[in-house]
Amino acid sequence: MKNILIIIKKELRAYFNNPTAYIVIVAFLLLWEFLFFRNVFLVGQASLRVLFDFLPWIFLIVIPALTMGSIAQEKSEGTLEFVLTRPINEIELLIGKFLGSLVFIAITLIFMVPIVWSLHFFGNFDTGIIVSQYIAGVFLGAVFVSLGIFISSLFSSQISAMLTAAVASFFLIISGFEIFTSHLPLSLIPFFEQLSVLTHFNSMARGVIDIRDVWYFASISTAFLSLAYLMLLRNKFGNRHKNYRNYQLGITLFVCIMVVTNVIGSRIPGRIDLTEEKAFTLSHSTKKIVSQLDDIVDITFFTSEKLPAQLQPTLREVNDILRDYQTLGKGNIVVTRKNPSTDENAAQEAASLGVQEIRFNVVSQEEFQVKTGYLGLAVSYGGEYESIPFIENTSDLEYQLTSFIKKLITDDKKTLVFISGHGEKSLSADAQFLKKELEKQFNLDEISPIGETSNDKLSPVDTEEEVEKETTLTIPGNTDVIVVAGQKKELGQQATGEIKKFISEGGNALFLVDGVDVMVQLMSAAPAQSDINSFLEQEYGVKVNSDLIYDLQSNETVSFGGGSVQYLLPYPFWIRSVRSSEISPVTSNVKSITFPWASSITVNEKADAVTELLSTTEAGGIQAGQINISPEQQFMKEDLKQQLLAVAVTIDGEKAKSRIVVVGDSDFITDQCTRNNMENLAFTTDALSWLAQEESLAEIQLKNKTERKLVFEEKNQPSRIKYGNMAFALAVPLLFGGCRLM
């Protein structure tokens, strides 16, 4: 160990006392950060994913330049023999050089910390993912450094060593790409896919430390260092020496074992999930549902042997998730794997369960080709089934599996009733995404004032007496929660009385109330004319005001214009709300929700047990009366403060306690908003689950889909961050290097 430490210090001194090393560091950091800052503010996410996407390709140039002289320079200057005549052996020399270079790379990667520090004021970063990305970067550097040392041991010319190492590193990156594997026999494709360093780097950079990835990096680095050791022995003994031949055979077998264990070991699970949301660990809701199973649920996984390279990580993740379910089920989850591509019976079974053969576009022989295969599954219980025809990615696989299991095993579902007939939002017409998710947990119904489905309409020949009779609203007796979403017309005394009676008897309700009517074509808004506001204020002390909220700090960028002329602008009337500091199960799984054209809420002394759920930031303002909703207006910056957007109220009813949730907007549940904002969907699901006193699945739904946005208060802040970080990356190495050299 003492000799290794001496070599490490020698290598680090060689780097830090050499002006070339500082030039390499500065060039590496400036290029790396330039590529990152070119797109990060357009994407607008608090993540370093883009930064680390470029890292393998930059290492492709930088690390060969750093390692080209590790052995080659010693050879060309004749110092290798001098070093090895000292009380130090070849293994100590290689380990010392390897660790010295790796420490230098690890120090260089620390320059990502100022980037995270400067951006964390404007977005909530996942610390676990950042730590995992740094570890992945160090491991990636270890592979390239060991490869560079091996290549350097083959040459006396540093330039030849650098070019050869760059080409070998490039091969190590692309070996799993479709453009490369399409030319190989089927039996060799898994080998080269496991050989690709990019496969394991991307897996680890997600935020999970997998034992298979760690073993890959450790074994491949050890294999390259072993080959470098063999080259040093050849210089020492010669090709024909008995000792060299013995070492040659042993090291060759050792390298083969390392490579084979990576292919075989790809089936061995074991990982540490570092993400804050535990995105790669089964959630509490899943564990509760699966562990309480009292009967067998069958999961049949249909997959072909030969799938495109881009689907191999998905296949690996699916197998891991199914293995976790099987373990958690303790015998009540039975997973069966079948290959319909080679088994006709399996193909017929897959078709009967809704899993179809999928066509893939692949690159083969310098052209696009179409191939077919299976990657789907079906969940079966009690003669019924639910299926996923094609698993494109695993971001929502746990949510789908758990919701399928819950849907199949649950007989007594709670009933949600959506009131319609007054211009409310319709599940079928306006919120199909929400309807699809709610059907997995609840029985859904929709009633109109005539007491039938909302599709029923009055006949032109109906008499006045019949019309008066049909306007009676009746809430079914099995209803657990009612939803009033965006009512435009008067409910009337009979309807509000029915709702009041339902709540007083222990029923629960979700009120999505629009305080203004928005006319997009006219770019204006006016106070809404409805009686729901006065009803909520008089009965429960909650009022949705006839105003429009804007937020100058946290808002969405919206597309305006039409046809071929479209442009993106920050739109303060489309608010990204913030979660209240009060603890509530309704908002425990969400951080921010997009509200288009929302109104503020005020609570008076009549309201009991009120919990504030969502609000604007401190940069929230209000417009009232006839409102101009154009994005190019000058928004008032005076009297800005937090504006309340959603509240939950617990009410002591005649028979039992009731719950209501009031939100100052109804548009946030529409397909336009939920399609790209999963937190909107999760908030609605959580609110309805809390009202129905059911276990919510939103925790699972959001694990991989929560967006961490960057929110800037001033326009010039992104530029200051960009150029400040690049200036830091330029100044610190040069100042340190200048002082060191002086």
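**Stop 1: the whole chain**

Keep in mind that this model is predicted. Select everything. The chain has 27 helices and 26 strands. Now colour by burial. Of the 742 residues in the chain, 52% are buried.

**Stop 2: helices α2 and α8**

Select residues 19-43 for α2 and residues 112-119 for α8. Their axes lie 12 Å apart, and the packing angle is about 25 degrees. Angles under 35 degrees count as roughly parallel. That makes α2 roughly parallel to α8. The crossing of α2 past α8 is right-handed.

Show side chains next. Which residues of α2 meet α8? They are Trp32, Glu33, Phe36, Phe37 and Phe41. On the α8 side, look for Met112, Ile115 and Leu119. Sorted by class, this contact of α2 with α8 has seven nonpolar residues, no polar ones and one charged.

**Stop 3: helices α7 and α9**

Select residues 90-109 for α7 and residues 127-154 for α9. The axes are 9 Å apart, at an angle of about 140 degrees. Only angles over 145 degrees count as roughly antiparallel. The two helices, α7 and α9, are therefore oblique to each other. α7 passes α9 in a crossing that is right-handed.

Show the side chains here too. From α7, pick Leu94, Lys97, Phe98, Ser101, Leu102, Ile105, Ala106 and Leu109. They meet Tyr134, Gly137, Val138, Gly141, Ala142, Val145, Ser146 and Ile149 of α9. The contact of α7 with α9 has 11 nonpolar residues, four polar and one charged.

**Stop 4: leucine 230**

Select leucine 230. This residue sits in helix α14, residues 211-237. Is leucine 230 buried or exposed? At 6% relative accessibility, leucine 230 counts as buried.

Now look at what surrounds the side chain. Leaving out residues up to four places away in sequence, leucine 230 touches Tyr244, Tyr247, Gln248 and Ile251.

**Stop 5: helices α16 and α17**

Select residues 284-291 for α16, and residues 312-329 for α17. Their axes come within 9 Å and cross at roughly 50 degrees. That makes α16 oblique to α17. The crossing of α16 and α17 is right-handed.

The contact uses Thr286, Lys287, Val290 and Ser291 from α16, with Tyr325, Leu328 and Gly329 from α17. By class, the contact of α16 with α17 has three nonpolar residues, three polar and one charged.

**Stop 6**

Side chains of opposite charge can pair when their charged atoms come close. The salt-bridge count in this model comes to 21.

Select arginine 271 and glutamate 317. Their side chains meet in a salt bridge, 3.1 Å from N to O. Glutamate 317 lies in α17 and arginine 271 in strand β2 (residues 271-273), so the pair ties together parts 46 residues apart in sequence. Glutamate 317 is buried, with a relative accessible area of 5%. Arginine 271 counts as partly exposed, at 23% relative accessibility.

Aspartate 324 counts as partly exposed, at 29% relative accessibility.

Arg206, Asp210, Arg212, Asp213, Arg271, Arg316, Glu317, Asp320, Arg323 and Asp324 are linked in a network of salt bridges.

**Stop 6: lysine 406 and glutamate 694**

Finish with lysine 406 and glutamate 694. Their side chains meet in a salt bridge, 3.9 Å from N to O. The pair links distant parts of the chain, 288 residues apart. Lysine 406 is in helix α19, residues 397-409. Glutamate 694 is in the loop between α25 and α26. Which of the two is buried? Lysine 406 counts as buried, at 11% relative accessibility. Glutamate 694 is partly exposed, at 25%.

Technical notes
Residues numbered from 1 in each chain as written. Predicted model: local features only at pLDDT ≥ 70, side-chain atom pairs only at ≥ 80, totals over all residues. Heavy atoms only, no water. Axes fitted to C-alpha atoms, helices over the stretch in contact; angles between N-to-C directions. Helix = DSSP H or I, 4+ residues; strand = E, 2+ residues; numbered from the N terminus. Parallel < 35°, antiparallel > 145°, perpendicular 65-115°, else oblique. Left-handed = near helix turned anticlockwise from the far one by under 90°. Contact = heavy atoms within 4.5 Å. Nonpolar A, V, L, I, M, F, W, Y, C, P; charged D, E, K, R; others polar. Salt bridge = Lys/Arg side-chain N within 4 Å of Asp/Glu carboxyl O. Buried < 20%, exposed > 50% of the residue type's maximum accessible area, 1.4 Å probe, protein only.
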